[in-house]
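This report describes the salt bridges of one protein model. The sequence and structure come first, followed by the account.

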Amino acid sequence: MTLTKITPGQSLTGTQKNGLRLVSLWGGGKRDVVLAIDVTESVGFNDQGRIRLRQIVENSLKPGDSVYVVPFAQNAVFDDVISIENPLGTPIYFSNKNSENINKVLAKVPFNYDPNRYGTDIQKAELTVYQGIAQINQNRVSKNQPIKPQSVVWITDAPLFTPPGITSEIWIETPADSPLRIPTSPESQERQNWLNALPLKERSLTIKNQDNKDYKLSVVDINPTVQEFCTPAPGGKETCLVNPYLVKQLWFPSLILLLLMAAGVWSLCKFARLQKKWKLQITFEDNTEDEEKLCILPNKKKIALCEDDPSCEDSIDCPGGEIRGYLQRQGEKLYLVPTPEGNIQLNNKKVTSKTLITNSRFTLNCPDSRQRDYQINVKIEK
């Protein structure tokens with residue numbers, strides 16, 4: 001797969017921004033963390049600065065983070081080959097929050113200044129870092145991988161987010177021949193475009209160095225984002241990058257979400273049905289007249305036939321002085337459960353074992369001692 005150097009793209013819609021956040025969550029909430037450290041003498045870590053940086057590494061990094069250590073002065077100082085694939089060098093994969101991974105990151109952190117480095121070109125460092133982290137997420141889009149939220153930890157006494165064309169009055173260390181001193185230079189414009197394109201949120205803390213001078217530890221958080229590019233296509237249409245990417249990333253979790261929602265609705269409906277008490281309209285038939293009775297049957301309860309039972313919700317009268325069986329509700333099913341000696345028929349068929357009643361209307365027959373029919377008509381209202 002051929003990767004190309006990214007440039008700032010078009011503005012994203014609110015829906016696209018929310019979709020990209022969902023993609024990053026689907027990726028497990030993993031992050032890119034850049035430690036951008038000024039290695040000139042003017043920073044010069046003292047004990048407090050070392051403690052602060054160790055706090056970030058030991059307490060703030062999470063399993064799954066990719067950590068980039070980017071020392072800088074006039075230029076960024078990388079100890080490996082820089083490419084479009086790895087624009088900020090090879091990351092340290094923080095797989096677990098243990099001493100091995102913590103020491104792996106700390107080993108790459110320059111806790112002491114480099115006497116051979118001077119003249120911090122802060123705007124060039126910003127251009128390198130922000131273009132680099134944008135490239136990393138864009139590479140993931142090209143590979144159809146989940147993008148990540150990103151954070152840059154700046155440790156420098158140079159001012160961040162200054163207007164294009166940094167003068168000596170603003171920051172004296174910028175090299176005289178740096179194109180970033182010229183507001184209209186391509187480098188100045190590109191840096192400013194990245195500052196505008198990326199959703200940057202800064203928090204800063206001032207620290208004293210070993211010479212009692214101030215420098216800042218600034219954390220710049222960047223919501224998961226990519227650059228959108230739309231191109232006209234035949235038929236009055238256009239081809240874009242972000243929406244097809246979101247569809248590829250989110251169709252499966254969206255399907256799972258829909259299935260879970262459907263399962264939730266089904267479960268709620270089933271729960272409601274199970275909680276609903278059934279009404280059993282009972283009609284007794286003899287040679288003279290019909291008698292009626294209403295029985296209420298909750299879930300997992302039963303009604304005794306022919307004699308009262310304290311364990312039952314109700315009972316239905318019929319000849320004889322003993323219980324012949326039960327109407328037992330289990331969920332959304334109703335069973336006729338005869339006793340061993342019970343003489344009972346369901347829809348004119350004698351029942352000797354637990355039998356499922358499949359209709360909402362059925363007839364029970366409980367013959368008396370002379371085998372005369374005693375019919376009970378039942379209608380269920382669920």
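R273 is partly exposed, with a relative accessible area of 35% (partly exposed lies between buried, under 20%, and exposed, over 50%, using a 1.4 Å probe and protein chains only). The model is predicted, so local features need pLDDT of at least 70 and side-chain atom pairs count only at pLDDT 80 or more, while totals for chains, interfaces and linings use all residues. Residues are numbered from 1 along each chain as its sequence is written, and side-chain values use heavy atoms, with hydrogens and water left out.

A salt bridge here is a side-chain nitrogen of Lys or Arg within 4 Å of a carboxyl oxygen of Asp or Glu. The count by this rule is 10 salt bridges. Among them are these:

| Pair | N to O distance |
|---|---|
| E332 and K270 | 3.5 Å |
| R273 and E332 | 2.9 Å |
| D368 and R372 | 2.9 Å |

R273 lies in helix α6 and E332 in the loop between β13 and β14, so their pairing ties together parts 59 residues apart in sequence. Helices (H or I, at least four residues) and strands (E, at least two) are DSSP runs, numbered from the N terminus.

E332 also forms a salt bridge with K270. That pair links distant parts of the chain, 62 residues apart, with K270 in helix α6 (residues 242-275) and E332 between β13 (325-330) and β14 (333-338). E332 is partly exposed at 34% relative accessible area, and K270 is partly exposed at 27%.

D368, which pairs with R372, counts as buried at 15% relative accessibility. Shared partners join K270, R273 and E332 into one network of salt bridges.
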